[in-house]
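Biologist: Could you walk me through this one? I would like to start with the aromatic rings and then go on to the sheets and helices.

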Amino acid sequence: MSESELIEIAGQWNFNYNYFAGESASRFFRELRENQRIMGTRCTKCRRLLVPARAFCDACMERTNEWEAVGPEGTLDTFTIITTQFPGLPKPPIVMAYVTLDGADTALINLVHGLDMSDIDKAARRLNSLPRVRTKFIDEPKGRITDFSFELI
Amino acid sequence: MTAVAVIGVGQTNYRRAHKDKSSRELIWEASKMALEDANMDIGGIDAIMAGIAPEALSGEGSVERGGMMGVGKPFLRINTGGVTGSSTVFAGTTYIQSGRAKAVLVVALERMGQATSSQQVFNTIFDPVYEKDFPLTTITMAALRASMLMRMYGYTEQHWAEIAARSFRNACRNPHAHLKLDITADDVLKSPLLAWPIHRYEACPMSEGACAMVLAAEDIVGDRNAAWVQGAASTSDSYAMGDRIRRPEATLVDLLSLRLSAERAFKQAGIDRPLEQIQAVELYSAFSSAEAMAYPALHFCKPEDGPRFVEAQFSDPSLPKINPSGGPQGANPVSATAMVRIAECALQVRGMAGERQVADVDRAVATGQGGATQFSTVCVLGKKKVH
Ligand SMILES: [Zn+2]
C-alpha cells in the first residue's frame, strides 16, 4: 500500500493536573517566596544535608529532621548549554547547571543567567572551570523552583 | 535452578514511523518472527511479558493490550523506563528459573512515532515538584553528564564524535537499523549543536519498532540453536541526580548501578577477565557519553583511561567489538532498546547476525540504562550453559 493510502487518525492528550507537592516541598517553596532562602533537610542517618528539602533520604530510607538554609553562594558542578529549540521548551541558548550551594551535600538544578553567550565554546570552557555562583531571586517570588536562578560571581 | 536459553529472536525493522502497522501489528509481527525462529507456536508458550515504557510517547493508554496473543496465559506489562526491554527479559527468565513456566514470550514495543513532540513528552517523566520546570530531557540529561566526563576524565568532543561515527558506520551492516550513516567524526562535529557538547549526529534517533524473544528452560531447548543466559543482574540507584554529583563512593558519571549489575552478572557467568572473555558488547548508549560511562562499569578500563580506550578500539583487534549492530545510535526504539541489546547478543552467540556477525563469539554482553541512570541491567549470553 502506498503512503498516501495509509490512514492517520489525529489524537491529542491535553489533560489538566494539579501536582501535590507535599508538606516538605510546600515549606521549601514558602521559604523561597517569603524569605528568599533555599532550605535543605538533614538525613537522620547519613547526616547529609539534602537540597532541595525533602521528607526522607531515599538512599537510607530514613526521615530527615533539621531544616537548614544553604547558600546563597555555591559552586557549579556540571552544566549544559541548550542551543536548539525543542517544541514546548524555552528559547535557546539556555544554560542549565547543577550547583552545590555552600553548606549543602547535594546539588540542585536551575538555570544560569548573565553569561556572555556570543561564543558557545568559550562559555562552555568558563562553565567547565567549576565557577562560583550566587543565587538570584526574581522580584516577586511565587513559591516555585523558578523563583531563583544562578549567576556567575 | 534450571538454565534458561534464548531460542528465538524477532525484530521488526526500526524506523521513524511505521505508518503501515498499528501498535498491535508491530507486537504481533516481532512475536511471530521470534516463534518461527524458535520453531514453536503460541500453544507452546506458558506466559507472555510485554515491555512498554511511558504511554504518553504513543498517546495510547494501556498500550499493552496489543500483547494479547493466544489465550489462557499469565501476562505481565513491565515499565522501567530505558531498561523496560531488559527488565521484561529478566522477568521472563525468572519465571522460568522459578519453575512457573517452561517457555516465555517476551516482547517490547516502541510506538513513539505517533508523538509529534517526543522531547516534550520526555520532560514529563521528571519529578513534577522540583524538576519539571526545567528543560530536562533525555538530551540535556546526557549533556550534563558529558560535560562532567570531559572535566573529570579528559574526554573531548572528538571522542564523542569518534564513538558516534563508529556506531553509525556499524549500523550500515544491520538491516534492522534506522539510521545507517557512513560518516566520520568530522561529520558529527559539523552537525548542529543541540545541547553542548552534544551534536545532532551524536544523539540517538527516535525510532519505532518491536523486538521479541522466546526464552526456554533447558529441558525443552532440545537441538535448537540456543544462546544461554549465563548471567543477568539488575540494580537501582538513588533518585535525584543532584544527590549523586558529589557522592564519594560513585559520582553521577561513575555508574554505580551498572557496575554492580556487571559484577553480579559476570560472577554468575564466571567472567573474571572481561576483555578476554567477551567478544561482543551491545551497550545501551543512546549518547556517546553513556558508552564512556560503561567502560569502567564493565571493568574494561579505569575511568581515567576511558579516552585512551576509545582510541584503542580502532587499533587493537583483540578488544571486544562494541555495538556491532550500531547500538542505540543506529536505532533507539526506547521501550525496546534494552531488549534489542540482548536480542543482538543472542544473534551474535547463535552465529545469526549476518553481515554484522563478529567472528568466534563465545560470549556477548548486553547492558541497559534507564531513568536518570537509576536502573542498570547487564545480561551475559554464551554458547555454554552455566549453572
Ligand atoms: Zn541518608
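Predicted model: local features only at pLDDT ≥ 70, side-chain atom pairs only at ≥ 80, totals over all residues.

Biologist: Why tilted and not stacked?

Modeller: Stacked needs planes under 30 degrees apart and edge-to-face needs over 60, so the 40° between A:Trp13 and A:Phe15 makes that pair tilted. For a stacked case, take B:Tyr155 and B:Trp160, where the centres are 4.9 Å apart and the planes make an angle of 15°.

Biologist: Are B:Tyr155 and B:Trp160 buried or exposed?

Modeller: B:Tyr155 is buried, with a relative accessible area of 3%, and B:Trp160 is buried as well, at 0%. A:Trp13, from the tilted pair, is partly exposed, with a relative accessible area of 39%.

Biologist: Which residues form a cluster with A:Trp13?

Modeller: A:Trp13 forms one aromatic cluster with A:Phe15, A:Tyr17 and A:Tyr19.

Biologist: And which charged residues sit over rings?

Modeller: In chain A, the charged end of A:Arg27 sits over the ring of A:Trp67, at 4.1 Å from the ring centre. In chain B, B:Arg100 lies over the face of B:Tyr95, and there the distance to the ring centre is 5.2 Å.

Biologist: Switching to sheets, what is the strand order in the chain A sheet?

Modeller: The sheet in chain A is open, has 4 strands in the order E2-E1-E4-E3, and is paired in the antiparallel sense. Its edge strands are E2 (49-50) and E3 (56-57), each of which pairs on one side only. E3(A) is joined to strand E4 (residues 62-70) of chain A over 2 bridges, and A:Phe56 has A:Arg63 in E4(A) as its bridge partner.

Biologist: Which helix packs on that sheet?

Modeller: Helix H1 (residues 22-35) of chain A packs on the sheet, touching E1 (38-43) and E4 of chain A, and its direction makes about 145° with that of E1(A).

Biologist: What about the order and pairing in chain B?

Modeller: Chain B has an open sheet of 10 strands in the order E3-E2-E4-E7-E1-E8-E12-E11-E9-E10, and its pairing is mixed. At the edges are strands E3 (75-78) and E10 (321-322) of chain B, each pairing on one side only. Within the sheet, E2 (residues 47-51) and E4 (residues 103-110) of chain B pair in the parallel sense over 5 bridges, and B:Ile48 stands opposite B:Leu105 in E4(B).

Biologist: How do helices H5 and H11 of chain B cross?

Modeller: The axes of H5 (residues 157-171) and H11 (residues 288-297) of chain B come within 9 Å and cross at roughly 100°, which means that H5(B) is roughly perpendicular to H11(B). B:Trp160 is among the H5(B) residues that meet H11(B), and B:Tyr295 is among those on the H11(B) side.

Biologist: Last one: where does B:Arg200 lie, and what does B:Arg200 touch?

Modeller: B:Arg200 lies in the loop between strands E6 (198-199) and E7 (209-217) of chain B, and at 41% relative accessibility B:Arg200 is partly exposed. Leaving aside residues up to four places away in sequence, B:Arg200 touches A:Thr84, B:Ser191, B:Pro192 and B:Leu194.

Conventions. Residues numbered from 1 in each chain as written. Chains lettered and ligands numbered in written order. Heavy atoms only, no water. Phe/Tyr/Trp six-rings, centres within 6.5 Å; stacked < 30°, edge-to-face > 60°. Buried < 20%, exposed > 50% of the residue type's maximum accessible area, 1.4 Å probe, protein only. Lys NZ or Arg CZ within 6 Å of the ring centre and 35° of its normal. Pairing = 2+ DSSP bridges. Contact = heavy atoms within 4.5 Å. Axes fitted to C-alpha atoms, helices over the stretch in contact; angles between N-to-C directions. Parallel < 35°, antiparallel > 145°, perpendicular 65-115°, else oblique.
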